[in-house]
Amino acid sequence: RTKRANKLKELFSKSLTISKWVGTIDEMTTTGEGNAHIQVKLVGANVSLANSNNELSDLVEKTLINQSSPLFTKVADFSKGDQVIIDGVLMTDLDTDEGGDFLDEGFSFTEAGSMTDPMFSFKFTDINLSE
């Protein structure tokens, strides 16, 4: 896990922004306040990107898609299983000094899950259906 954290830091030290990555929508829900939570599994990798799934978890990172935003209107027509092209920003791990992952992988309950099926915290800035 430490080796992966070091490699992620090396790969994303200049920029946490990604553009035009392709994935499949694994989960789409709305929160109690009506904001959008999306989880995308990247094509060709056992890695997922997701924003927070509730307002309490999102107090710091602000990754939820606000229901009044143009992005919410766009994704409202998408469905689980749709292949999409995503742009956005990876979130850094707030616990990096304590052996964290460099990127925020706070979704897994076990270290094994973090390594075999990681889900990194992500702020979506654009999502489009893949053609």
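A salt bridge here is a side-chain nitrogen of Lys or Arg within 4 Å of a carboxyl oxygen of Asp or Glu, and in judging charge Lys and Arg count as positive and Asp and Glu as negative, while His and the chain ends are not counted. The model is a predicted one, in which local features need pLDDT of at least 70 and side-chain atom pairs count only at pLDDT 80 or more, whereas totals for chains, interfaces and linings use all residues. Residues are numbered from 1 along each chain as its sequence is written, and side-chain values use heavy atoms, with hydrogens and water left out.

Glu61 sits in the loop between strand E3 (48-50) and helix H2 (70-75), where helices (H or I, at least four residues) and strands (E, at least two) are DSSP runs numbered from the N terminus. The side chain of Glu61 is joined to that of Ser121 by a polar contact of 2.8 Å, a term for a pair of N or O atoms within 3.5 Å of which, within protein, one must be able to donate a hydrogen and the other to accept it, with residues adjacent in sequence counting only if both atoms are side-chain atoms.

## A neighbour with positive phi

Lys62 is placed in the loop between E3 and H2, and its phi is near 55°, a positive value in a residue other than glycine. Most residues other than glycine have a negative phi. With a relative accessible area of 48%, Lys62 is partly exposed, a label for values between the buried limit and the exposed one, which is over 50%.

## The salt bridges

The structure holds 3 salt bridges. In one of them, Lys7 pairs with Glu10, the closest N and O atoms being 3.4 Å apart; because these residues are 3 apart in helix H1 (residues 2-12), about one helical turn separates them.

Another salt bridge joins the side chains of Asp117 and Lys41 (3.9 Å, N to O). This pair links distant parts of the chain, 76 residues apart, with Asp117 in the loop between helix H3 (111-116) and strand E5 (119-129) and Lys41 in strand E2 (residues 36-42). The side chains of Lys74 and Asp126 also meet in a salt bridge (2.6 Å, N to O), and this pair too links distant parts of the chain, Lys74 being in helix H2 and Asp126 in strand E5, 52 residues apart.

Notes:
Buried < 20%, exposed > 50% of the residue type's maximum accessible area, 1.4 Å probe, protein only.
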